[in-house]
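Please open the structure in a viewer and keep the sequence at hand.

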Amino acid sequence: MGSGDEREGLPSASGIETIKLCPGSFNYKKLFPRVESGDANEGTIRHDLIEQVIVGDLAIDDITDQQQHECTSRALMILKKIEKEIGVGTFDTQWLEKRVWLNHGEDKLYSAKYDLLRCYRTGDSYVHLLVDWKTLYGDHTPAQNNIQLLAQAMAVYRNSSEVSKIYCALAEPFPTPTYSLVEYSPDRLDELESMLREVVGKANDPDAPRQPGLKQCKYCDGLAYCPEVKEEIEKASAVKAEETDLATALELAVLADKWATAVKSRARGSLNDGGEIEGWKLRSSGSVKSIKDADACAKAIMETNQLDWTELLSASSISWSKLIKAWQTKRQISRKEAIEELLKVLDGVVHETPKSPSLIKAK
Ligand code: SF4
């Protein structure tokens, strides 16, 4: 167990789908260093912003980044829609980012950290709503089949004295705001507990098999080392191309792509640490210069009297989100109003370019 590991080296709800699909991954990935991705950090920032707005520590219009602002406002809109669908009014209590444990007798089985839990009490009825924000684009399992949400609901159920029902919602602000919802009664949760216990039990077995697949391998810390993944790719590439349909080939291509990235990153890390890989070395790719302080840059250039403002601006780009923030601050208006005003002022100057569609798995 690493110091400061709030999971205490035990499985967690967020990884339960992975260990269900590949029971051997729980023990295997502990052998390898954690690779932090940029996307995960952006996801954490977006979760924090939603949380701060929900508890009233931050005004939504103070979020300067356009995507983060959009994400938060869509998340709150989705939350209202969910509450309307399940027919609840004002909540009595809410908890955010809290970790709870599911125990079996004296033993801790797994922990679950939920994004948001609200409890609504009407007479003798205690309705709970668990919300999981999926703040980045991606392939997310709908609430009805989502074992992570079930694991969270189970831990909440076992740690609450009064539960009439628990709704679990998966809220996805992007690409279009949407959510999926599932309802668990106490009876249903009683029935499902043994299945969760079995998943965790198999994962703890030192001989648990490793079973490759895109969903489970994608974020596995052992991906760059895993012999089963390499075998899977080799086996599939030995099949004649005409005997493989495009959907199967695509699944393998994405897995192979992730694997290749993980292997290259492992190799770079090893060479950087002074390791040796026969026939390979690191070559410097040079450096990139950038200007962080536009104000200081403009002053310095204008003092030379070499370029005029038009020439200087032809070498600059203006950030749409920073311009909105500057306008909003100066005019003391909401972000929405700032955008409306700027679009009028800059009529014909602001261009909107659609991004190319990304290839994702259909649900
Ligand atoms: S890389 Fe895939 S198959 Fe290997 S341990 Fe991880 S999840 Fe399992």
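**First stop: a loop and its peptide bond**

Select P175, which is found in the loop between β4 (165–172) and β5 (178–184); here helices (H or I, at least four residues) and strands (E, at least two) are DSSP runs, numbered from the N terminus. A cis peptide bond, with omega about 0°, joins F174 and P175. In general, most peptide bonds are trans, and most residues other than glycine have a negative phi.

Two notes on the model belong here. Residues are numbered from 1 along each chain as its sequence is written. The model is predicted: local features need pLDDT of at least 70, side-chain atom pairs count only at pLDDT 80 or more, and totals for chains, interfaces and linings use all residues.

**The whole protein**

The secondary structure comes to 13 helices and 5 strands, and the C-alpha atoms fill a box of roughly 80 × 70 × 50 Å along the principal axes. Colour domain 1 (13–204), domain 2 (223–272) and domain 3 (320–348) separately; these bounds come from an automatic or database domain assignment. The centres of domain 1 and domain 2, taken over C-alpha atoms, are separated by 31 Å.

Of the 363 residues, 26% are buried. A residue is buried if 20 or more other C-beta atoms lie within 10 Å of its own, exposed if 12 or fewer, and partly exposed in between, with C-beta atoms placed from the backbone.

**The ligand**

Which residues come nearest to the ligand? Select C22, S25, C217, C220 and C226, which come nearest of the 16 residues around the ligand. A residue is near a molecule or strand if its C-beta atom, placed from the backbone, lies within 6 Å of it. The elements giving two or more residues to this shell are α2 (25–28), α7 (214–217) and α8 (227–238). At least three residues of the shell are drawn from each of domain 1 and domain 2.

**The segment before α1**

Move to P11, in the segment before α1 (16–21). P11 counts as buried because 23 C-beta neighbours lie inside 10 Å. P11 touches I16, I19, F26, Y110, V200 and A203, not counting residues up to four places away in sequence; two residues are in contact if their C-beta atoms, placed from the backbone, lie within 7 Å. P11 and Y110 are 99 residues apart in sequence and 4.9 Å apart in space, C-alpha to C-alpha.

E8 is also placed in the segment before α1. E8, which is not a glycine, has a positive phi near 55°. Is E8 buried or exposed? E8 is exposed, with 12 other C-beta atoms within 10 Å.

Finally, select helix α12 (residues 320–331) and helix α13 (residues 335–345), whose axes come within 9 Å and cross at roughly 110°. The two helices are therefore roughly perpendicular to each other, a term for angles of 65 to 115 degrees. The contact is made by L323, I324, W327, Q328 and R331 of α12 and R335, A338, I339, E341 and L342 of α13.

Within α12, look at L323. L323 is partly exposed, with 15 other C-beta atoms within 10 Å, and touches I318 and L342, not counting residues up to four places away in sequence.

End at Q332, in the loop between α12 and α13. Q332 has a positive phi of about 55° although it is not a glycine, and it is exposed, with 8 other C-beta atoms within 10 Å.

Notes. Axes are lines fitted to C-alpha atoms, for helices over the stretch in contact, and angles run from 0 to 180 degrees between N-to-C directions. Angles under 35 degrees count as roughly parallel, over 145 as roughly antiparallel, 65 to 115 as roughly perpendicular and the rest as oblique.
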